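Biologist: Could you show me the structure, please? I should like to go through a few of its local features with you.

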Amino acid sequence: MHATTREQAAELLAGTAALPFDPAAPLRLAAHLFRWAPDEALLLLVFDHVAVDAPSVAMLLSELSRYCAEPPAPGGGELPEEGYFAYALEQRARFARPDAETAEGAAFWTARVTGLDTGAAARTGRDTDGPAGELVVDLPADLTPAVTATGGSLFTVLMAAYCLALRHLSAAADVLVSYPAIDPWRADYEDAVGLFTDMLLLRAPDLDDRSLSGYAAEVREELLAGFEHQGAPLAGMHRALRIAGGEVRAMLSVHDVGAEQLTLPGIAVERVPIHPQTGKIDLLLAVEVAGERTRARLQYRRDRHTDEQAGTIAAAFRVVLEALAGIAVGVDPPAARVELLPRAERERVLALAHGPAAAAFVPVTRAFLEHARRAPQNTAVLAGAERLDYRGLERASARIAGRLHALGLPRGSTVALCVPRSAGYVTAALGVLRSGHAFLPVDPELPRTRLGFVLADADAAAVLVQTAEDAAALGGRLPALALDESDPAGPTPDAAGSDAAAFDAEEPGPADAAYVITTSGSTGLPKSVRVPHRALANNLHWKADTFGFTAADRFHFKTPPVFDASVWEYLVPLTVGASVVVAPAWAHRDPAALAAEIAAQGVTVVQFVPTLLKALLAEPAPTGGSPVRAVFSGGEALDAAVAERAARWFGAPVVNLYGPAEAAIDVTSHTVAADGPAGRVPIGRPAAGAQVHVLGRGGQLLPAGVPGELWVGGVPLADGYVNRRELTGERFVPHPFDPDPQARLYRTGDLGVRRADGTLEFLGRADGQVKLRGIRLELDEIRAVALDHPEVRDAVARLVTAGREEMLALYFLGELPDTRERLRDHLAERLPAALRPGALVPLEAFPLTGSGKVDTRALPAPPPAAPPGPADLPRSETERRIAARWAEALGTGPEQVPRDVSLFELGGSSLTLIRLHRLLRTEFGTVLPITDLFSSPTVAAVAEALKAAGQHEGSS
């Protein structure tokens, strides 16, 4: 008994209820009486859940009421022989020697969880030992329409709504919901008190193509199937759950509190609700029914769910319940498309998905020509010793436009730029745009087979190349114009200028194609994306306006032209009267020289993929300060620690960019705060004219805090894939929130989440695409090319960690022991360097998951290369010193480094070679140029180069 006040009693109640039972105490019940007045008190009864279930509580209260009304005689009230212990003994015997029905039930529950994938649990970073959170769930006033419409019970309706909400709000492949169920054998022990309840599991049905009513019916049938097997052994189910690595993270409890009544003679009794906040499961939806009144509350572990996320789940649960009631009046949408947001929240989320209004359309050609007329003497392009002012660039691009015009191509044709990064490339791209055509960047180093496919697939009508020899190498398949020669049949410079006036007057319209860019494709061949002028102009204007670019800026054109991230590096400056500094061909390979180049050229705007940025930050910071005033990063996830180091290294803000090739260049940006949180940098908010929605499996809006797929729309959107109508229709889908029937959204396949303030975070991919050093790759493309080899029965490509970095590995089932070398040649002939696996791993069979799919997590690590024999080991002291640095760069031992095997064959990448170059520079002082290291990446070749330079003794 506790003497207290009314206020103190309320405070003590929850804490007292949470006190644990003494494990040695035989009595699993505690009673506390809080008294604050002669005629007022509060009685707290605490039952151990392992000894008493809900029906037993009602029986105990009823018996207590009866005893208080008519106290039993002393010595009475003997325990019945057929009580709970008899039930427990009977159950043990039944489980030890199961009959056919019992065995069938055990198999049923085991099958329910076999092969499931509940994914990794989310974490909020909060204390795992803290109290659980709790909120009241706002239920519809009357649940009868939903129960009637679905033909079930209150429990089946609540379970259907809970499963459907969790299915939409969870990124996991499978969702398990537990629920307490009374053992049917309890009927044989009607007056017994004890734990007759099992925690059963329901595997929430997938959304598939079911209607809402069909989904509710499926849940009802699954529950009925479980009801038929209640009371069966569950040990096999729990064992299968552990094998699958599954976890139960949600529970539904429906409790009829109306049966739990305590009546005391001469005393008015009122039930005081109390809910222990133990947080034993991630989510507990507890529903209490008392006559016609139904109440619900949601308890949640704060280390797994934020308050906002819990509120979202509660709101979605109510919205789905309302949708189930709507079935009664004929509204039966697909389960995958059920709305999850209340109307007010829906409008708020839609507003967050839109960026600022787009500026009025000004084509890039007009913006460039205005600056060429206004300041013709200003520097437009710098490429080593080559300098073009705006007058020179205007004339040179006009000549190219005139030569293209002379070909008689239909306006809007695609012209391939098979030209390396150079001043000529910038001139050619501008010339194509001025001629009314779209440019297609093509890597001149592509294998010929792939080059031919790219040109044909993109519907290229002509090709611009560097030299006449390059043109001849194409074999006359398309008209080819060389940049290093004038077309004898073409216009003179003066004539070109007059022609330019004609085609400049017919400037591109918003819907005209501006450029075509190729991306990785899952079929084994790349696909081409056509981007209109409105999307390009919008991106260039947004960047110039948002980041305050001026004619005084110098932009570093460093990204390889085949990536759309390069486009703004050379076109934004031309629209603001600034200068383009063309990076040398080796720029992405030599961070030290790159830093010196940036400083020497006075570059003010730079862009890096995070991988290259980290390599650059390993170099000493510029002693005299950096001219850079803005650092941009994109192409892969940016870590906050890297961004902070970059901001200090350059003394400039760092901006994280995000955007697929299917929407011009970038659609979001985020300027990294100096004191921002650790982890991944957000991708920010939508750009001007852009829309970025976080949508669920059925394309419905998801609330803040819930992961989903990023769908992109608005002005930046591309037209689609060239010659891929079916794929375009699959990825560029009708806009579900825009009344314009022509509006589209692009399904990126990227996963993201929107914070409460509207900031977006990137979470990874939902499909087989990966990012490696900023390059978007389709693993299925590599697999498809491998399967074209006649000796390969099956193949799987994946990213693996090799030493200190990631690389591509291809696992394959080969027909012959020596298939690997022929497969390596096969891939080299058909894939660009970035897509070629660094390791080819033959297997006899693939490991499989419980559902029969390839278990990529169980694939073995690529085996290390066999140690070199004595004849292959380094021979001189110089070679041994080089091999030691080689091993350090690869993350292996020096004994694993042969003298005549390429770094790339040992599993290295371009970044490994950059790291190696830095190590060799430290070891030997001035060392060979990094370009020489790329061309001859062996220990012996490096030693020979050092000998030739007179720095060290010979290699043998």
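Predicted model: local features only at pLDDT ≥ 70, side-chain atom pairs only at ≥ 80, totals over all residues.

Biologist: How many salt bridges does a search of the whole structure find?

Modeller: The search finds 41 salt bridges. The term stands for a side-chain nitrogen of Lys or Arg within 4 Å of a carboxyl oxygen of Asp or Glu. In general, side chains of opposite charge can pair when their charged atoms come close.

Biologist: Which residue does arginine 301 meet in a salt bridge?

Modeller: Arginine 301 pairs with aspartate 303, at 2.7 Å from N to O.

Biologist: Are those two, arginine 301 and aspartate 303, buried or exposed?

Modeller: Both arginine 301 and aspartate 303 are buried. Buried means under 20% relative accessible area, exposed over 50%, and partly exposed in between (1.4 Å probe, protein chains only).

Biologist: Which residues are linked with Arg301 in a network of salt bridges?

Modeller: The network links Arg301 and Asp303 with Glu247, Arg249, Asp282 and Arg304.

Biologist: And what does arginine 302 pair with?

Modeller: Its side chain forms a salt bridge with that of aspartate 307, at 2.7 Å from N to O. Arginine 302 counts as partly exposed because its relative accessibility is 27%. Aspartate 307, at 32%, is partly exposed as well.

Biologist: Where do arginine 824 and glutamate 821 lie, and how are they spaced?

Modeller: They are in helix α24 (residues 819-830), and because they are three residues apart, about one helical turn separates them. Helices (H or I, at least four residues) and strands (E, at least two) are DSSP runs, numbered from the N terminus. The side chains of arginine 824 and glutamate 821 meet in a salt bridge of 3.9 Å, N to O. Arginine 824 is partly exposed at 33%, and glutamate 821 is partly exposed at 48%.

Biologist: Turning to the backbone, what is phi of aspartate 208?

Modeller: Phi of aspartate 208 is near 45 degrees, a positive value in a residue other than glycine. Most residues other than glycine have a negative phi. Aspartate 208 sits in the loop between β6 (197-203) and α7 (212-228).

Biologist: What about phi of asparagine 723?

Modeller: There phi is near 60 degrees, again positive in a residue other than glycine. Asparagine 723 belongs to the loop between β27 (720-721) and α22 (725-731). With a relative accessible area of 51%, asparagine 723 is exposed.

Biologist: Where is alanine 385 found?

Modeller: Alanine 385 is in the loop between β10 (379-383) and β11 (386-389), and its relative accessibility of 85% makes it exposed. Alanine 385 and glycine 602 are 217 residues apart in sequence and 15 Å apart in space, C-alpha to C-alpha.

Biologist: Last topic: how many residues of α13 are buried?

Modeller: In α13, 11 of the 12 residues are buried, so the helix is mostly covered. The buried residues include Tyr425, Leu430 and Arg434.

Biologist: What should helix α13 span, at 1.5 Å a residue?

Modeller: Helix α13 (residues 423-434) should span 16 Å, and its end C-alpha atoms are 17 Å apart, which agrees. The expected span is 1.5 Å times one less than the number of residues in the helix.

How values were computed
Residues numbered from 1 in each chain as written. Heavy atoms only, no water.
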